[in-house]
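Hi everyone, thanks for making time. Let me put the model up on the screen and walk you through a few places in it.

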Amino acid sequence: MIDVTAPPGTPPAKARNRVLKQNRRHVPVLATLALLIIMYAVGVANYRGFSDTQVVLNIFVDNAFLLVVAAGMTFVILTGGIDLSVGAVVALTTTVAATLLHAGWPAAVVLPLVLLIGTVLGLGMGAVIHFFQVEPFIATLAGMFLARGIALLINRNSIPITDGFWTAMAEERIRFGPGVFISTSVVIALIVVLIGAYVLAYTRFGRTVYAIGGSADSALLMGLPVGRTRIAVYTLSGFCSALGGVLYSFYMSSGYSLNAQGMELDAIAAVVIGGVLLTGGSGYLFGTVLGVLVLGLIQTIITFQGTLSSWWTRIVVGVLLFAFIVLQRAVTRRTR
Amino acid sequence: MSFVRHRLFWPAAILVALLASNIFFSSGFFSITVHDGHLYGSIIDILRRSAPLILVGIGMTLVIATGGIDLSVGSVMAISGALACLLIGDLDNQNSVTGVLLACAAGIALSLVLGIWNGALVASIGIQPIIATLILMVAGRGIAQLITDGQILNVTSAPYKVIGAGYTIALPVSVLIAAGMVAIAVVLTRRTALGLLIEAVGGSPTASRLAGIQARRLTIMVYVFSAICAGIAGLIYSSNVSSADSNAAGNLIELDAILAVVIGGTRLTGGRFSLAGTVLGAVLIETLNVTTVSIGIPVETTLLFKAIVVIVLCLVQSAAFRAKVLRRPSRVGASA
């Protein structure tokens with residue numbers, strides 16, 4: 001990640017190649033989609049009850065927080081950066097929320113406050129990265145230590161959440177039929193994804209994010225607000241992590257400073273498997289959603305299989321990471 | 001005041017201050033006693049505890065010097081320890097010295113293979129180092145758990161115990177092993193042209209290739225060296241606790257190692273490196289851990305200290321920060 005901001009050399013495209021090139025850009029996402037379909041088909045063919053609609057919906061229910069965190073991570077990676085602090089911010093959010101709720105603060109105060117904390121942390125990291133030209137890897141590493149350290153300082157133990165609003169959000173189910181439901185977290189996550197996808201595709205800010213990932217120097221020469229946008233994506237990622245933390249505390253009904261260890265890896269893996277180029281500048285939020293679903297589906301298949309142990313998840317994720325990175329490499333090479 | 005400008009002045013000063021502050025909390029901190037012909041004392045203890053971090057750190061230093069990064073060190077530690085413990089557990093006589101040596105050799109050999117894998121991904125396929133090593137970081141713990149079948153393997157082998165907890169010529173064996181590897185690294189890089197070549201690759205891979213340096217082979221070599229160092233560190237760790245714990249072994253050590261390298265004055269962008277600085281950094285981190293315990297602060301808050309240390313060091317190293325805040329002349333231009 002030392003060289004993330006270096007522009008990937010993309011010579012000017014010839015007009016007749018443009019259509020073809022546009023298609024190549026979709027290759028990683030289409031590959032993920034194909035993988036997802038194949039995995040689902042294999043699951044349905046091999047395991048009884050796998051075709052149940054609820055199996056698919058449960059993937060969303062169990063990964064709503066990851067979806068939100070990965071959406072923020074997508075913005076950061078699209079600019080060619082990385083955010084290692086997301087897992088720690090999730091843990092900090094759950095801890096702060098649980099502590100304050102335990103102390104009797106009303107949910108209406110706690111909720112905006114924890115979201116603000118995450119946003120400010122992200123803003124701080126973005127500012128350090130932009131103004132002092134510290135590498136994103138190191139700046140967010142410091143943020144990770146800081147957030148996790150504060151969380152541990154606040155409370156080392158798991159704190160149950162008994163607040164009315166929190167339990168209501170945790171237990172509320174949106175039902176489509178008998179035994180077919182999603183949680184409110186899923187709705188929130190999907191709203192975040194939709195807003196994110198709209199912002200990326202149709203707003204000036206979104207186009208600037210892609211431009212910075214393509215080449216920060218060119219973006220600057222074009223007069224784009226590089227600094228502001230770069231700080232904004234880390235702020236956004238901080239906000240998404242905090243929101244992810246809130247969803248996580250809904251899901252777990254508790255706050256714990258050691259929550260979400262290694263979630264940054266899951267988020268990065270989901271983004272990469274979703275076809276977002278790690279050097280930045282290419283990829284879609286839709287791909288990230290697919291990436292999260294692939295991770296969730298692996299988990300589900302391993303649960304259904306029963307005889308496979310949980311560590312196979314990590315090995316399979318590693319293999320998929322490898323496959324998709326090599327695929328990305330092949331696609332970008334051919335584009336040149 | 002030229003020594004103040006030395007790049008190891010501030011880390012050394014902090015280390016001395018930390019050590020000195022221990023006097024106030026434990027009076028016998030600096031006393032080293034001889035017991036059964038072995039040296040005992042807090043200082044020796046710090047050295048013993050920092051041996052794995054020193055090992056991983058020097059490997060990381062060389063990788064970072066080439067402009068790369070190795071996130072997989074913790075996983076490699078877990079794998080090598082797991083394999084060694086598995087093989088020792090299968091021995092008819094766990095106290096057989098040959099058997100233990102062969103098991104250790106197998107662990108190191110497997111680390112070597114993993115190093116070649118990392119190096120090949122970076123140098124031959126051309127994947128960014130942070131991503132290439134992320135694959136093994138994610139999959140590695142799964143592999144380690146696969147080796148141990150998800151169990152914590154306990155061994156009762158006296159010769160194996162020596163590596164991590166034994167003494168020879170009055171010093172802990174682990175410290176001597178670490179010192180030996182540091183000596184090898186120093187001789188290889190400072191007494192031969194190797195160090196210069198590594199710095200050249202880190203400074204500019206293209207320029208070094210044009211100058212006729214085999215950048216690719218060199219890059220693979222540093223990843224192999226890093227993996228071997230991590231493998232040995234894994235043996236020390238697992239021998240010290242007489243078991244292979246795939247989750248705990250080397251957990252988050254990659255971050256501590258990177259921190260040690262940065263504290264030691266090696267820049268993450270590659271180029272010039274300082275092995276002595278890394279050793280100093282590693283000892284500093286362990287001293288910090290020991291100091292917080294002796295002062296009576298909860299161990300977890302060391303994370304906060306680390307965050308502050310990282311932030312301060314990054315800012316001081318950042319040319320933009322010096323130019324803007326400290327108002328020192330800097331050759332690097334203003335922020336992008």
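A:Gln133 is buried, because 20 other C-beta atoms lie within 10 Å. By that count, a residue is buried if 20 or more other C-beta atoms lie within 10 Å of its own, exposed if 12 or fewer, and partly exposed in between, with C-beta atoms placed from the backbone. A:Gln133 has a positive phi of about 50 degrees although it is not a glycine. You'll find A:Gln133 in the loop between H4 and H5 of chain A. Helices here are DSSP runs of H or I with at least four residues, strands are E runs of at least two, and both are numbered from the N terminus.

A quick word on ground rules: this is a predicted model, where local features need pLDDT of at least 70, side-chain atom pairs count only at pLDDT 80 or more, and totals for chains, interfaces and linings use all residues. Residues are numbered from 1 along each chain as its sequence is written, while chains are lettered from A and ligands numbered from 1 in the order in which they are written.

Back to that loop. A:Glu135 also sits between helix H4 (107–131) and helix H5 (136–154) of chain A. Is A:Glu135 buried or exposed? A:Glu135 is buried, with 21 other C-beta atoms within 10 Å. Between A:Glu135 and A:Gly81 there are 54 residues of sequence separation, and a C-alpha to C-alpha distance of 8.4 Å.

Over in chain B, B:Ser242 has a positive phi of about 55 degrees, and B:Ser242 is not a glycine either. Its place is the loop between H11 and strand E6 (243–244) of chain B. With 17 other C-beta atoms within 10 Å, B:Ser242 is partly exposed.

Now for chain B as a whole: 15 helices and six strands. Its radius of gyration, taken over C-alpha atoms, is 20 Å, close to the 20 Å that the globule rule gives for 336 residues, so chain B is as compact as a globular protein of that length. For the record, the globule rule is 2.2 Å times the number of residues to the power 0.38. Of those 336 residues, 52% count as buried. The C-alpha trace of chain B spans about 65 × 55 × 35 Å along its principal axes.

Let's look at some helix packing. How do the axes of helix H3 (residues 42–65) and helix H13 (residues 275–295) of chain B meet? They come within 8 Å and cross at roughly 135 degrees. Axes are lines fitted to C-alpha atoms, for helices over the stretch in contact, and angles run from 0 to 180 degrees between N-to-C directions. H3(B) and H13(B) are therefore oblique to each other; angles under 35 degrees count as roughly parallel, over 145 as roughly antiparallel, 65 to 115 as roughly perpendicular and the rest as oblique.

Finally, the two chains together. In total, 40 residues of chain B are in contact with 42 residues of chain A, contact being C-beta atoms, placed from the backbone, within 7 Å. Which helix of chain B gives the largest share of the side that touches chain A? That is H6(B), with eleven residues.

Key: Contact = placed C-beta atoms within 7 Å.
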